[in-house]
Amino acid sequence: MKSLRREFSSNPEAANVASKVFVRSTKSGKVQKIVRELYLRQDIPCSSKLCSHCPSIAPADANGNITPFVLSDRPAGTKAFPRGHYLVPDTNALLNGMDLCEHTGAFYDVIILQTVLEELRNQSLPLYNRLIALIKTDEKRFYLFFNEFRLETHVRREPDESINDRNDRAVRAVAKWYDEHLKATVKKGKKEKTIPAIVVITDDKENLRKAKEENVTALSLASYVDGLEDSAKLLDMISEAREARDAKGSVRGELFYPEYYSMSKLQTGLRAGNLHQGIFNVSPYNYQEGSVNVPAFDKSLLILGRDNSNRAISGDTVVVEVLPKDQWKSPSTKIMDEEAVTRNENADAEDTEAVVTDRERQALQEEVKLAHGKNSEGKPQPTARVVGVIKRNWRQYVGHVDSTSTGSLAASGRRLQTVFVLPMDKKVPKIRLRTRQAGDLVGERILVTIDAWDRDSRYPSGHFIRSLGQLETKEAETEALLLEHDVQYKPFSKAILDCLPAEGHDWKVPASKEDKGWKGRRDLRDLLICSIDPPGCQDIDDALHARPLPNGNFEVGVHIADVSHFVKPNNPMDVEASVRGSTVYLVDKRIDMLPHLLGTDLCSLKPYVERYAFSVIWEVTPDAEIVSSDFTKSVIRSREAFSYERAQLRIDDPSQTDELTQSMRTLLKFSKILRQKRYDAGALNLASPEVRIEADADEVGDPLADVKTKAMLATNSLVEEFMLLANITVASKIYESFSQIALLRRHATPPPQNFEDLINQLSKKRNMRLDVSSSGALANSLDQCVDPKNPFFNTLVRILATRCMTSAEYFCAGAHAESEFRHYGLASPIYTHFTSPIRRYADLLVHRQLASAIGYEGEDGHAKVEGISTRSKLEDICRNINYRHRNAQFAGRASIEYYVGQALKARGEKMAAGGADQGVNEEGYVMRVFENGVVVFVPRFGIEGVVRLEDFMLPGESSSWSVTERRELAAHRSTEFDPEEYTLRVEEKGHEAERNVVVELFQRVQVNVSSVKEEGRGAGKRRVRILITGTTDNTK
Amino acid sequence: MSSQRQASSAAQVPHLSPAELSYLYTSLALPQNPIRPDGRSPTQFRPLSAESNILPGTNGSARIGFADGTQAIVGVKAEVERTVLISDTLDVDQDAETVEGAEESASAATGGHGSWVQMSIEIPGFRDDDALPVFLAEMLRESLVGSVGGNEDNGERHMAGGLKGRLVINKRWHWRLYIDVLLLSQPLSYPLPLLSLTTHLALLSTKLPKLKSTGEEDPFFDDDWAAAEYLYPRSSTINSNPSQQVRPPVTLLVISVGENVIFDPSREEIAVADAVLAISFTRNSDSDTGTDEPLKLLLTQRGIANSETENGNGPDSAAAAEEETPGVWRPRRGGIKRSVLAEMMKTALKKGGVGEEVLAGLEGVEVA
């Protein structure tokens, strides 16, 4: 029989053709056999600067240039490799040591194999992305070698060879080839002495053995790192996952957690509707209670206890199974703090621990009892357990070492010990960390990552990445805050700064109107335009004007900084801005979305200078009815930049009669009408607990004096009303032009069940009704929620109502039906963000879309198409900016909270000089009542805090302030919790009659706020403590 | 009109004179040892070249070329498909037929269904809905999915329910096989045996991805092609008797001339045959008890439409009335003798007979 098939033996050319065969399962359930042909080549360079041969064969681009070679001709040496070395890590080495690779102290001149890169991508996408970033940077000298495409290093899989063995063999083959290749091609004269060693890094014992047989230098990651300087620090950065995996087969038999279902079982269950997929969230008050929102149910599914949450960490995408009905429970009414419950565990003692310690079990039991008893608010809710994890959402966590877990020998040198790290984020369980520098790490803010959470380990294990600095220091805490909220705070790179105008701060609007910059722009320099912003504002986004028209109507204009003129689509600056998404404001720091030059100078609509702007101009009747609206790119010259206060003063001053003041008065008049119209249409007046910090530099005064609640001036709402109007007008315009890709913002109508609890509470405690049938009805009923004796009560209800709503989001017009565009809070059928392009990326995109919509061509005629983008790309951007927007808000709030804490601390220290720290007495309001404590909101500082049993000051009690003394008290206290009436009675055992205090929901209480040091644990860790010192106006 | 064209292009009747035909008939009909034009013995096959796994993108493939220049390529592709249970949607109470249908579909979930194998045959010069390709495809497919037999009790060890059963993944999922047969050359001789052999070989080399999930879960497969498993399991142990393994059926063409039974007839031989028979058979998986019948007859057909042989004229043809003249070919009329038919079967199916020889030969083709 004669065969026509190409045989590798018969055809000399066939050696450079190989094929790769695998099975691919598609999402739709198709199973395909995929065959890929590989054409092997010999012109893939080794990229070593030592090599004399490769530069001549490396493929050149159209200009005849070859990619610059990466690997240094003088690679660093170690004790073992004095002549220098190139590293060839295998996949596992990278999985366990990615943080090492990123470390600046070691790991230079690394050859990353294509095989390894692909394998890494299959195992961990985040690590893959980090590695790609490393390869892209020049300084670490990582070279991606396409070994599978090079004839000499391509490895054919042998029969019965596992894919892992084949890949390991590929790594060794590369090492061998590099070695021989360099020996043969190193430039003359440099011979012998300078040929670097090729070192394979692998943790696979079999691979190490085979390498030895084949005469390839190979080391395990740990033993390689051991030979480096500063090895103690570096060794800590090796991931724990591997060691845990190694140990799995061995003695540690006890499994604490149930196994996850297999992927196919999960898929089957999901499709059949038996299992549900959702994102796992942990309650901020009780670390043992999680919830998963799934599309199949209105209310989220509860996940109680560690058994059921089965190693899921807040943020993971999990698959859950609903538990039988007899296990349904009501949500917890207890505050549970992981730190408090599991206080004294020893991180090293593995064997004695059970998943649910007795203490935890007891705590859970009490809850169950409660659920089965009188259930009013808490009718049992469906509970579920986690049976699989689709996607881990682990990130790097900021935390500090629990000093009690370090053991007594903490300071002793390089002893490897296990400690617990308490993450800043209370929703994340403690992380077990093996470190040699436990002594040094105590008292520092550190960054750690979670590597694994195995069934046989009660807590996830992780490894140390770096220290941010001492706890409580400003730098460390600020960086911690930024890291926790995933804020990009690295300085802008050179590529980004290169996108700025070459003139720098000297850039001016061209004098000649013939200049291309004037093309399509209207000259509005003669209008009396001014801006009104918070004091000290540098990035002025918006300015306004108003003037009477001959026909009796008025012309009103809103002028927005023309950022899209400076930021062209898809250049590095634009990409960076789209990643950052928004400027983040911290108390004492601003993390800009755009480089300084643009944000605070060239784009900023500063007074007295000419600036490019994007203007929206309306003609309105004296009754503020809009006759027409017009959009144009323009050049303006702002006459004045007011702060809210100064603008208010000027308007109120009858002696000021100049045109500018008059136009501001006109604007104010219109804004009041607009505002009324909005409320008539059903807009909500929502409240959030905001305070403002005016960080004056004076060191002498009371630091707390800087903390101010935001005052609402009429001028605030003046600006706000016109910005809303501009946003709405622009939204309609871009939607009209781009019905699919217009970038809009919506605020979904919250489902009524979100308000259930609040409605219940209000009717029980205050006999008030909340009508949530529409935003107008809600606004009206919120107005009715007034307690004459308690002026803050209305605000409190508004804050609570706001928390029941969904958050507003950006979206792409094609993603929702037009009826879904509604902005619930603003009661507007359509809305977008247009007015702050300096600090929000969404606005910048809207600017581009609007420019396209009005046919503006720009300097080069490209502007017309800049606004147009594909829907999928826009949806990606929306997802990111929604996420960033939320994070920016959280970071801002956390920053204020931190500042308040620091201010309290500073004050405390000042007072301590004259005696004991007595804290500040303030008024607080009870927001939530739990079985063992209450949550109190203190409007003066805009903070809310948990008040635990020991922090209730009972009448007749001898006042003791220290934390330890108070903690003792908890044991002597008993409580009576009435979930139906939302009251909590705290008594002292033995003195129930005289020493007791009753608090209830919405009650105004006297509180004492101070910053206290947690003693006996977490060295130097501070928290804001709230003591309830007395109650007032007990309305019941 | 289409049948006209079909007859003219498919029949490919050699243009031999009546005298030549008569000579051929006489030599083939010689009692005991017929003389064939190419000197073969009655059971000898023409030499053929075969190879398998020639199309990397398919699950299994083969090419066979006959010495007369005809060759065929077969590719087998498999796809996962959801099993639709009609019984869920049908109301099973009144109509007897409905009940029957429901039962059938329910059993399909476990026993497989014939429609899961799809076969298409492409012959140059024919449209895909012409009668010949459709007829051939159905003939091959039927013998393929029909190769079950009622041997559920002891056939279980290898492939319960035959090919149909092998395609069942679980109650809700199954494989669907697409067998694409491509005749590369003009159909010089009747193409059925060639296509059948090639299909057989392709199926032998067919692999399905290895199932990783278990039970009634949605199927989930190993992504390593090397781990894929043969559709028709190979002997894993040396001492296992290859004759006990389930194999795809083979269809052979047999003719009778006079008392003689001749295998693998050439074009000219078919022209003078008394009867042309297509025999489909496969290994008898019941044979582990050591019966003398290693092979099992699946079906016999009058393999060729009458118009394709010279003796296929209608009964009212003018030639029927004429006297037979020695030396001049007259098409034969009437049926086939029972004894000849029995002889045909016996030669093909007996132990050590032609059938076994063919199967062994195909097995010998290296499946790479």
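The model is predicted: local features need pLDDT of at least 70, side-chain atom pairs count only at pLDDT 80 or more, and totals for chains, interfaces and linings use all residues. Residues are numbered from 1 along each chain as its sequence is written, while chains are lettered from A and ligands numbered from 1 in the order in which they are written.

**Chain A overall**
- Chain A has 29 helices and 37 strands (DSSP runs numbered from the N terminus: H or I of at least four residues for helices, E of at least two for strands).
- Of its 1036 residues, 40% are buried (20 or more other C-beta atoms within 10 Å of a residue's own, with C-beta atoms placed from the backbone).

**Nonpolar cores**
- A nonpolar core is a set of buried Ala, Val, Leu, Ile, Met, Phe, Trp, Tyr and Cys residues joined through C-beta atoms within 7 Å.
- The largest core holds 228 residues, and V88(A), V320(A), L744(A) and V936(A) touch the most other members.
- Helix 28 (residues 871-912) of chain A gives this core its largest share, 12 residues.
- Another core, of 80 residues, lies apart from it and includes L28(B) and L177(B).

- Strand 24 (residues 610-620) of chain A has eight of its 11 residues buried.
- Strand 21 (residues 554-561) of chain A runs antiparallel to strand 24 of chain A, joined by eight bridges (strands pair if DSSP finds at least two bridges between them).
- F554(A) has V620(A) as its bridge partner.
- Strand 25 (residues 626-643) of chain A is also antiparallel to strand 24 of chain A, with 11 bridges.
- In strand 25 of chain A, S629(A) stands opposite W618(A).
- Five residues lie between strands 24 and 25 of chain A in their hairpin, where A624(A) takes a positive phi near 65°.

Note on methods: A residue is buried if 20 or more other C-beta atoms lie within 10 Å of its own, exposed if 12 or fewer, and partly exposed in between; C-beta atoms are placed from the backbone.
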